[in-house]
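Dear colleague,

I am handing over the structure for your review. A short account of the findings follows the model itself.

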Amino acid sequence: MRVNRAWLGLVVLVLPTFLVALDMTALLLALPQLSADLGATNVQQLWISDSYGFMVAGLVITMGTLGDRIGRRRLLMIGAAAFAVLSVVAAFSVNPLMLIVARALLGVAGATLTPSTLALITNMFHDERQRGQAIAIWATSQFAGGALGPVLAGFLLQHFWWGSVFLVAVPAMTLLLIAGPILLPEFRSDQAGRLDPASVGLSLVAVLSMVYGVKQLTVESAPVVPAVALIVGAAIGFLFVRRQLRLETPLLDLRLLRNRPFTAVLIGLVFAGIAMAGTGLLVTQYLQSVLGFSPVVSAMLFAPMGLGVAVGTMAAPALARRMKQTTAIAGGLVGSALGSLLLVGVDGAGALPLVMIGITVLALGTGPLFALGTGLIVGSVPPERAGSAAAMSETGNYFGGSLGFALLGVVAGVVYRSRMGGTSDSLADAVAAGRRLPAAQGAELLRTAREAFTASLHVTGVVATVIFAGLAVLILTMRPATRTAPARLPDYEATRS
């Protein structure tokens with residue numbers, strides 16, 4: 001009975017995890033339609049798209065630790081209720097400002113969900129093997145949500161108005177609010193202290209400044225503003241670190257980084273996020289601008305990347321039963337390196353099959369890192385610190401993704417411009433310029449631009465290969481995770497009320 005209730009509880013936890021990831025990507029296809037309906041400017045479109053992710057990234061540290069202190073289930077219920085209400089507000093927004101504010105507040109609510117769900121898994125599954133399976137399912141739901149977001153949005157936009165993209169969350173959050181108090185245990189740390197407002201403010205400003213800076217590097221023609229944001233974020237982050245090391249009950253326990261396996265996996269999550277986000281950025285543009293597929297078709301062709309990670313995470317526990325966890329993670333990363341290397345050969349008539357195979361193999365290989373690595377992180381700390389550890393894991397993922405878009409986007413841009421001799425800044429510019437030229441000249445410009453972009457994809461594949469291979473070496477050299485002697489967990493049956 002205990003096991004059945006735990007697995008039913010996991011189903012409830014999967015819903016918010018899936019929806020937070022889905023909400024990150026579903027808006028990409030809906031953005032043109034809602035922008036036209038609401039009359040959003042280019043700057044407003046940027047904030048509609050990014051405000052959600054900014055707030056999730058900026059507050060996940062605070063929310064992960066807050067859940068440890070006030071109760072993980074309580075925080076999850078508060079976040080789910082807010083998410084449902086704000087989804088309705090976003091769906092029926094009447095102007096861009098209303099939607100931007102709603103999206104930002106959705107990010108605040110979303111920041112409560114992911115660390116709470118992951119931390120609760122450590123309370124619900126005491127058996128190491130079952131916990132590993134549960135975390136694999138949790139990670140699968142996260143990546144499946146990200147992969148299916150554009151596909152679901154495309155379907156909804158064909159049959160309904162753009163607000164339907166937001167309303168999808170309402171029935172799922174309602175189910176969580178009904179079933180959560182019945183199926184989920186409550187847990188709070190007996191060592192919880194008062195929440196430090198200064199630490200909350202420092203962490204929020206530091207993360208938002210850094211994420212904003214790396215994101216703007218890819219869209220600003222002059223790097224001054226992004227550079228200032230990065231410097232400010234780094235300086236405030238330094239002050240945040242100093243404060244955490246001095247506090248008796250810090251917002252984020254940075255002493256966890258003394259655990260070598262914990263730190264190695266955290267580094268792995270960040271750099272794998274860099275490689276995947278950068279590769280994804282180039283591949284989606286390649287599908288649309290070089291191979292000529294529509295956004296909807298490109299989203300469907302790109303879905304195997306997210307679904308590949310989902311399959312890899314589901315297979316990870318089975319691999320861990322046959323070999324050491326570090327071996328499974330490193331072996332998967334070697335596979336990801338080989339998948340990235342396939343992108344170096346993309347060209348000509350056989351480009352599409354090679355792209356599909358490359359991104360699928362790359363994604364499959366990262367599955368053990370995200371499933372087993374996340375398990376190693378939360379398993380390397382006592383239960384009362386699980387929320388803080390989960391927050392660090394999720395922050396690493398967000399930073400990795402943001403850095404991937406910025407850094408590999410910049411590298412690809414440099415390669416493209418050098419191949420074009422400085423005559424074009426981007427493939428989109430070349431396409432627009434080609435339409436204004438005579439047919440023959442326009443066709444030649446477009447051919448040259450597509451070749452230059454393909455070369456940038458090749459370089460991105462090489463960079464991703466090096467990153468994944470380096471991570472495999474790092475994981476193999478780390479010591480096996482030894483779980484800190486845990487505090488006695490409260491009985492699941494006794495804590496569910």
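Both Trp 162 and Phe 166 are buried. Please note that the model is predicted. The ring centres of Trp 162 and Phe 166 are 6.4 Å apart and their planes meet at 85 degrees; since an angle over 60 degrees counts as edge-to-face, the pair is therefore edge-to-face.

The structure holds two aromatic pairs. Phe 92 and Trp 161 also form an aromatic pair, with 5.5 Å from centre to centre and 45 degrees between the planes, and this pair is tilted. Phe 92 belongs to the loop between helix 3 (72–91) and helix 4 (96–124), while Trp 161 belongs to the loop between helix 5 and helix 6 (164–167), so the pair ties together parts that are 69 residues apart in sequence. Trp 161 has a relative accessibility of 35% and therefore counts as partly exposed.

Helix packing comes next. Helix 5 (residues 128–159) packs with helix 11 (residues 295–322) at an angle of about 175 degrees, and their axes are 8 Å apart. Because angles over 145 degrees count as roughly antiparallel, helix 5 and helix 11 are roughly antiparallel to each other. The residues of this contact comprise 17 nonpolar, five polar and two charged.

Two individual residues may also be of interest. Leu 291 sits in the loop between helix 10 (260–290) and helix 11. With a relative accessible area of 28%, Leu 291 is partly exposed. Apart from neighbours within four places in sequence, Leu 291 is in contact with Tyr 286, Ala 351 and Leu 352. The C-alpha atoms of Leu 291 and Arg 450 are separated by 9.0 Å, although these residues are 159 residues apart along the chain.

Thr 326 is found in helix 12 (residues 325–342). Its relative accessible area is 13%, so Thr 326 is buried. Apart from neighbours within four places in sequence, Thr 326 is in contact with Ile 475, Leu 476 and Met 478.

Finally, a word on confidence. The protein chain has a mean pLDDT of 79, and 88% of its residues reach 70 or more. Over residues 481–497, however, pLDDT stays under 50; for this stretch the model has 43 contacts beyond four places in sequence.

Yours sincerely

Notes. Residues numbered from 1 in each chain as written. Predicted model: local features only at pLDDT ≥ 70, side-chain atom pairs only at ≥ 80, totals over all residues. Heavy atoms only, no water. Axes fitted to C-alpha atoms, helices over the stretch in contact; angles between N-to-C directions. Helix = DSSP H or I, 4+ residues; strand = E, 2+ residues; numbered from the N terminus. Parallel < 35°, antiparallel > 145°, perpendicular 65-115°, else oblique. Nonpolar A, V, L, I, M, F, W, Y, C, P; charged D, E, K, R; others polar. pLDDT = per-residue confidence, 0-100. Contact = heavy atoms within 4.5 Å. Phe/Tyr/Trp six-rings, centres within 6.5 Å; stacked < 30°, edge-to-face > 60°. Buried < 20%, exposed > 50% of the residue type's maximum accessible area, 1.4 Å probe, protein only.
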